[in-house]
Amino acid sequence: MAGTVESGRRHNILNSDGQPHPVENMLAVFTLVTGLVSFVLGLVVRNAHTGAAVIIITTATGLVSCLVGLYVQMVSHTREQRILIVTGIIAGFVGLAIGVSKGGFVP
C-alpha cells in the first residue's frame, strides 16, 4: 500500500545498492578520517612552529590515506563510498604535500 512506513532493518547510508559492504565501508571511513587528520595537521605545520614529530605524523597519515584510499577506490561498490574515499585521498594528499615540503620523514 502506498504511503506506509517501511519497518525492518535500517539501511546504512553507504550501502545504497542494498548489499552490506562492512569492510569497504570501514576502509572508506578510515581513509576519510586519516585524510582529514593529515590535512588539519598539515595546516598546523604550515602555520605554526612545530616539532619534527608532528611533521612526520602529518606525512605518514597523508601517505597512509593516499595508499589505502587508492586501494579502496578499486574495490568500492557504491557512489557514496567513492565520495568519502576521494575526499579522504585529496585531504591526505594535501597533508602529505605540506609535510613533504617541511622535510617529510627527515625534517
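Buried means under 20% relative accessible area (1.4 Å probe, protein chains only). By that cut-off, 34% of the 107 residues in the protein are buried. This is a predicted model, in which local features need pLDDT of at least 70, side-chain atom pairs count only at pLDDT 80 or more, and totals for chains, interfaces and linings use all residues. Numbering starts from 1 along each chain as its sequence is written, and side-chain values use heavy atoms, without hydrogens or water.

View 1. Helices are DSSP runs of H or I of at least four residues, strands runs of E of at least two, numbered from the N terminus. The C-alpha trace spans about 65 × 25 × 15 Å along its principal axes.

**View 2. Helix α1 (residues 22-47) meets helix α2 (residues 52-75).** Their axes, lines fitted to C-alpha atoms over the stretch in contact, come within 8 Å and cross at roughly 150°. Angles run from 0 to 180 degrees between N-to-C directions, and those over 145 count as roughly antiparallel. The pair α1 and α2 is therefore roughly antiparallel.

**View 3. Helix α2 meets helix α3 (residues 79-101).** The axes come within 7 Å and cross at roughly 150°. That makes α2 roughly antiparallel to α3. Contact means heavy atoms within 4.5 Å. From α2, the contacting residues include I55, G62, L63, G69 and L70. From α3, they include I85, G88, I89, G92 and F93.

Methods
Parallel < 35°, antiparallel > 145°, perpendicular 65-115°, else oblique. Buried < 20%, exposed > 50% of the residue type's maximum accessible area, 1.4 Å probe, protein only.
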